[in-house]
Amino acid sequence: MKPLAFLLAAGALNAHMVSVSTSEARLEGSRLTLELRMPLYEAQHLAQPAALLDHMRFDDAKRLSAHCREIPADGAWRCDAVYEFPSPPDRFTVHSSLHSATVPNHVHVLRANRTGATAQAVLDLASPAVEVRFTPPGPIEIAVTRTASGVARTITPATLLFLAALALAARSRKELAALVLAFAAGQTAAALASPRLPVEPTPVFLESAAALATAYLAVEMIFLGHAGQRWLVVAILGLAQGFGFASFLRQTERGAGWLLAGALVAAAVLTILLYLLSRPLLGNRIPPIALLLAGLAWFVWRQFA
């Protein structure tokens, strides 16, 4: 049981539901000027935040200069760099390993401009290298890349903690189906409704709400073995996930369809696998206790991180 407890605790202490940085790239001839912005809370653990630029590179381009500075008013680090290509490129490939310097579900959004033409690249664990073209991609490429990005956002410590709670809470296959549907409904409703809200929930609020909902679900499993409203708690978990997902959609300026489909399918498959793996633990109080401790630790850590 110790590995399970360790996994749940580790997931809580390393989870971020919303982890996004942005950059603006301006291409003039063979010279590219980059301005990168990273939230302070994402880089606070780095000894030298200026090393963020070491996690960004452009094929065939040489970096001529780089410097970073903290901007407290924006709550961000700003890094500026200048790159030189051997000749003016029609397109270029950008590589990002920022997800290894921050958290696995980190997403970097690069917006590029060249003499009035614009392009966008979304880089994450699923797509660490993207070719920036100043012509729009085709429908098949859009479907594949966006679905893969939705899947990648599901395979993160935060989401795996949710799904572990969901799988442990299901007492039968019928209840598992109900919980998966409740989670999917909450996530979809929040992702679609979020753009219409007058105020966007903050990452701290979303993660705190998700942590408390996870802890409450664990309490139900420990003390209320016959409770019949678990689907409602799971729907709340889905709402928290959905609002975080909507924030990602706004940051990347992407449509919800393929991304949401990829995330929901990945979540359903992972939950079924976790459910099957957890059946030998049914009735054992150690896993929900570990889940409770992980949820509380996550909540406390998020308040002071």
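This report covers a sheet, a disulfide and a helix in a predicted model.

**The sheet**

Six strands make up an open sheet with mixed pairing. Their order is E4-E5-E2-E1-E7-E8. E4 and E8 (117-123) stand at the edges with a single partner strand each, so one side of each has no neighbour in the sheet. From one strand to the next, the twist averages 15 degrees.

E4 pairs with E5 in the antiparallel sense, over nine bridges. Within this pairing, Arg69 stands opposite Arg78 in E5.

**The disulfide**

The model has one disulfide. Cys68 is joined to Cys79, with an S to S distance of 2.0 Å. The angle about the S-S bond is 110 degrees, and the link is right-handed. The two cysteines are 11 residues apart and sit in strands E4 and E5. Both Cys68 and Cys79 are buried. A disulfide is a covalent bond between the sulfur atoms of two cysteines.

| Cysteine | Strand | Strand residues |
|---|---|---|
| Cys68 | E4 | residues 62-71 |
| Cys79 | E5 | residues 76-84 |

**Helix H6**

H6 spans residues 173-193, 21 residues in total. From first C-alpha to last, H6 reaches 30 Å, close to the 30 Å expected at 1.5 Å a residue. Its buried residues include Leu176, Leu179, Phe183, Gln187 and Ala190. Seen down the axis of H6, the buried residues fall within an arc of 155 degrees, so they line one face of the helix. An α-helix has 3.6 residues a turn, so residues three or four places apart point the same way. On the other side of H6, Arg173, Lys174 and Leu181 are exposed.

Technical notes
Residues numbered from 1 in each chain as written. Predicted model: local features only at pLDDT ≥ 70, side-chain atom pairs only at ≥ 80, totals over all residues. Heavy atoms only, no water. Helix = DSSP H or I, 4+ residues; strand = E, 2+ residues; numbered from the N terminus. Expected span 1.5 Å × (residues − 1). Buried < 20%, exposed > 50% of the residue type's maximum accessible area, 1.4 Å probe, protein only. Arc of directions from axis to C-beta. Disulfide = S-S within 2.5 Å. Pairing = 2+ DSSP bridges. Axes fitted to C-alpha atoms, helices over the stretch in contact; angles between N-to-C directions.
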